[in-house]
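I opened my notebook on a structure that was new to me. These are the things I looked up, in the order I took them.

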Amino acid sequence: MTERTLILVKPDGVERGLTGQVLARVEARGFRLAELKKLDATREILEQHYAEHQGKPFFEPLVEFMMSGPVVAAVFEGESVIESFRAMAGVSDPVKAAAGTIRGDLARDWGEKVQKNIVHGSDSSESAEREIGIWFA
């Protein structure tokens, strides 16, 4: 069964010129790029996207970070693309992310109040469809 997932290259990745590397890694694994756009994320989009985190201490710094620069949103398709991309991305803490993963190779702790870890990937097919609907309305 072919899945779809949302992949975001966050403002830190876009600012550092890593968008091409991130997308190339996903394509090199054999996944198909279905949709792509670069945009400045609005508070409305981010509040919908991170709805489950509203009220948590990191919510506002996360939203501010995600509004700090352009984001590249992509939809990729393929067999087990959700699980595969999450493995490719590595754990969310770049200090703990394994070498060979996107975060392990390209991200680091910048000593700031929010974790800048280059990418986001949907964690389930339900999340993917919800997130794709938000970013590609």
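Against which helices and strands do the buried residues of H5 pack? I noted at the start that this is a predicted model. I found that the buried residues of H5 pack against strand S1, helix H2, strand S3 (71-79), helix H6, strand S4 and helix H7 (125-135).

**Entry: helix H5**

I listed the buried residues of H5, which spans residues 81-89. They are Val-81, Ile-82, Ser-84, Phe-85, Met-88 and Ala-89. I then looked down the axis of H5: its buried residues fall within an arc of 165 degrees, so they line one face of the helix. I checked the face turned away from this buried side, and there I found the exposed residues Glu-83 and Ala-87.

The cut-off for exposed is over 50%. Just after H5, I came to Gly-90, which has a positive phi of about 90 degrees.

**Entry: helix H2**

I turned to H2, residues 19-28, and noted Thr-19, Val-22, Leu-23 and Val-26 as buried. Down the axis of H2, the buried residues fall within an arc of 90 degrees, so they line one face of the helix. Just after H2 sits Gly-30, with a positive phi of about 100 degrees.

**Entry: the annotated binding site**

Next I read the UniProt record. Its unreviewed entry lists Lys-10, Phe-58, Arg-86, Arg-103 and Asn-117 under "binding site". I compared this list with the lining of the largest pocket, which includes Lys-10, Phe-58, Arg-86, Arg-103 and Asn-117.

Lys-10 is in the loop between strand S1 (2-9) and helix H1 (11-15). Is Lys-10 buried or exposed? Its relative accessibility is 7%, so Lys-10 counts as buried. Setting aside residues up to four places away in sequence, I found that Lys-10 touches Tyr-50, Phe-65, Met-66, Pro-70, Asn-117, Ile-118, Val-119 and His-120.

Asn-117 is in the loop between helix H6 (102-106) and strand S4 (119-121). Asn-117 has a relative accessibility of 3%, so I wrote it down as buried. With residues up to four places away in sequence again left out, Asn-117 touches Lys-10, Asp-12, Ser-92, Pro-94, Arg-103 and Ala-107. What joins the side chains of Asn-117 and Lys-10? I found a polar contact of 2.7 Å.

**Entry: the annotated active site**

I went back to the record for one further label. In the unreviewed UniProt entry, the annotation "active site" covers His-120. I located His-120 in strand S4. Its relative accessible area is 13%. The cut-off for buried is under 20%. His-120 is therefore buried.

Which residues does His-120 contact, leaving aside its neighbours within four places in sequence? I wrote down Leu-6, Ile-7, Leu-8, Lys-10, His-49, Phe-85, Arg-103 and Glu-131. Several names here come from earlier entries. Phe-85 is one of the buried residues of H5. Lys-10 and Arg-103 are among the residues in the "binding site" annotation.

Conventions. Residues are numbered from 1 along each chain as its sequence is written. This is a predicted model: local features need pLDDT of at least 70, side-chain atom pairs count only at pLDDT 80 or more; totals for chains, interfaces and linings use all residues. Side-chain values use heavy atoms; hydrogens and water are left out. UniProt positions are given in the numbering used here, feature names are shortened, and annotations may be inferred rather than shown by experiment. On a 1 Å grid over the protein atoms alone, a cavity is a set of points where a 1.4 Å probe fits but cannot get out, and a pocket is an open set with protein on both sides within 12 Å along at least five of seven lines; lining residues have an atom within 4 Å of a point. Helices (H or I, at least four residues) and strands (E, at least two) are DSSP runs, numbered from the N terminus. Buried means under 20% relative accessible area, exposed over 50%, partly exposed in between (1.4 Å probe, protein chains only). Contact means heavy atoms within 4.5 Å. A polar contact is a pair of N or O atoms within 3.5 Å; within protein, one must be able to donate a hydrogen and the other to accept it, and residues adjacent in sequence count only if both atoms are side-chain atoms. The arc is that of the directions from the helix axis to the C-beta atoms.
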